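Have the sequence handy as you read.

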Amino acid sequence: MSDSKVYNDYFFDEPIFDLHDGGYIPLERADVKDQPLNIPSVIKPDKVDGNDVYYTITAQEGETQILPGKKTKTWGYNASLLGQTIIFKQGVHYHIHLVNKLPEVTTFHWHGLNVTGPVVDGGPHAPVYSNGSRDIDFTLDQPAQTDWLHPHPCPNTARQVWNGLAAAVVVTDDEEAKLPFPRNYGVDDIPVILQDRSYHDNQLDYKADYDVDGTLGKYALVNGTINGVFNVTTQRVRLRMLNGSDRREWRLHFDDNHEFTQIASDGGTLPEPVKFTKLMLTCAERAEVIVDFGDKKPGDVVTLMTDDMPIMKFKIGEFAKDDTKLPEHLTTIDAPKVTPGLPVTRTVMSGMDDQVRLDGKLFDMQRIDRKQKVGDTVLWDVVNTNDMDGGMIHPFHMHGCQFLVLSRNGKEPYPNEHGWKDTVGVNAGETVRIAVQFTKFGVYMYHCHILEHEDTGMMAQIEAYDPNHEHKYHLISMDEMNHPKNK
């Protein structure tokens, strides 16, 4: 890898960073001793039968030691908080038994997975009622990437994520496996799930902390750990960063201005590695980065920061020298050709607080807002009409596909936006052009990923249709989703 440019810029428009919002809650230092960073265990299959792999994933209540004193009541997937990490491989057929042990309805949304919708995708049309279950199956046919599992019930997505439901999903494939990336999970390849929470007598109280423009907490958590420490035993460490917050933007850098290299975004490996000292993630965005600690010695401590707040430490131990260099070219992205003769699709995110809208409307679970043929590649202009003075960044997410970011207000996208993505932060007064292609049929959501905004109704539905095969959908109402009809 050549001595390429190092970017020292967060890129998004600073006047509309969340820290300028009137309701912003700055992070505080918690009175918690440094503790080992939680590394979620990897879920084990129930059964493996050739190319068929079976899992059971349970949404459950639990208790987690987060602050000194009494434990916090939390929710998780096969765990008391967050969830076990789920590792999928391209080409394998998965059978998943979804179980809900929570006291209310939930859904299991595979954020980033290319699966059929709306049921397998796990949006609000796929409820799993309390003490109930649902079975789904799919063959994974997408490249290696970092995705996540989280709930998506209307209008309670934000509260359920706040309670703890968020699990890392790691997709692997044979092509990415040939690249010189660290991939020993838990040793040199770790999830970094970024969230913020406040506690009331050590307990979560979403209602007390609720903000219609996006709920913020006063303590930073990484993988559910406050003041976590990761013991570095290899020179190179791969961090699978996920902004799993309801609202907060994470402006990441190291306390010593240490360089790091981004190798992947939401939808997988970038065409070329990109070097940074600063990286900003809006809600639901992912970034895989490699940090080379070759200039450090045992006993050194490097701290990961957001703005001026430390959020976790890397304690350097003994490691073998590693001269591995990343190639200048990582992968070739075969950009689909835009289907001729189709108009540009324009979708508008507007408003703030309880006035947020998508295309001037509030979400209706029984309304199809757009249709797009499977296999077509369509240009979308995603518009944020907020004013730069007092406006905000709206992160735009689409289910059921990965898209390519082509431009921002007619100019080049950010240096790390040349790979596949499913979430893109759109600045106030900005139009982001993306190329969208669906390869699976289904009804899918698209929405702002500030969780309180999607719960408020800043969401719409698109049907990806196959003209050669008609698919009928039962689009349930919000009332039916929350209150099952008596059989």
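D201 is exposed, with a relative accessible area of 58% (exposed is over 50% relative accessible area, buried is under 20% and partly exposed is in between, using a 1.4 Å probe and protein chains only). D201 sits in the loop between strand 13 and helix 3 (206–209); helices (H or I, at least four residues) and strands (E, at least two) are DSSP runs, numbered from the N terminus. Phi of D201 is near 55 degrees, a positive value in a residue other than glycine.

Before going on, a word on the model: it is predicted, so local features need pLDDT of at least 70 and side-chain atom pairs count only at pLDDT 80 or more, while totals for chains, interfaces and linings use all residues. Residues are numbered from 1 along each chain as its sequence is written, and side-chain values use heavy atoms, with hydrogens and water left out.

**F11 and its ring partners**

F11 is another non-glycine residue with a positive phi, about 75 degrees. What does its ring pair with? For the cut-offs, rings of Phe, Tyr and Trp (its six-membered ring) pair if their centres lie within 6.5 Å; planes under 30 degrees apart are stacked, over 60 edge-to-face and the rest tilted. The F11–F276 pair ties together distant parts of the chain, 265 residues apart: F11 is in the loop between strand 1 (6–7) and strand 2 (35–36), and F276 is in strand 19. Both F11 and F276 are buried. They also belong to one aromatic cluster, along with Y7, F12, F230, F254, F260, F293, F314 and Y414.

**Two cis bonds**

The peptide bond from G117 to P118 is cis, with omega near 5 degrees. P118 lies in the loop between strand 9 (109–111) and strand 10 (133–139). C154 and P155 are joined by a cis peptide bond too, with omega about 0 degrees, and P155 is in the loop between strand 11 (145–150) and helix 1.

**Pocket and cavities**

Rolling a probe the size of a water molecule over the atoms shows where empty space is left. On a 1 Å grid over the protein atoms alone, a cavity is a set of points where a 1.4 Å probe fits but cannot get out; a pocket is an open set with protein on both sides within 12 Å along at least five of seven lines, and lining residues have an atom within 4 Å of a point. Grid points are joined across faces, edges and corners, and a volume is the space filled by probe spheres set on the points.

The classes in the table work like this: Ala, Val, Leu, Ile, Met, Phe, Trp, Tyr, Cys and Pro are nonpolar, Asp, Glu, Lys and Arg are charged, and the others, Gly among them, are polar.

| Space | Volume | Lining by class |
|---|---|---|
| Largest pocket | about 580 Å³ | 8 nonpolar, 12 polar, 5 charged residues |
| Largest cavity | about 130 Å³ | 8 nonpolar, 3 polar, 6 charged residues |
| Second largest cavity | about 70 Å³ | 6 nonpolar, 5 polar, 1 charged residues |

The largest pocket has 25 lining residues, with Q142, P143, G267, Q402 and W420 nearest its centre. Helix 2 (174–177) and strand 19 (268–276) each give at least two residues to that lining.

The largest cavity is lined by 17 residues, and F12, L279, M280, E285 and N416 are the closest to its centre. Strand 20 brings the largest share of that lining, 3 residues. Domain 2 (180–316) and domain 3 (345–482) each contribute at least three residues to the lining of the largest cavity; these domain bounds come from an automatic or database domain assignment.

Where does the second largest cavity lie? Domain 1 (35–171) and domain 2 (180–316) both give residues to its lining, so the second largest cavity lies between them. Its lining residues include W162, N163, R197 and Y199.
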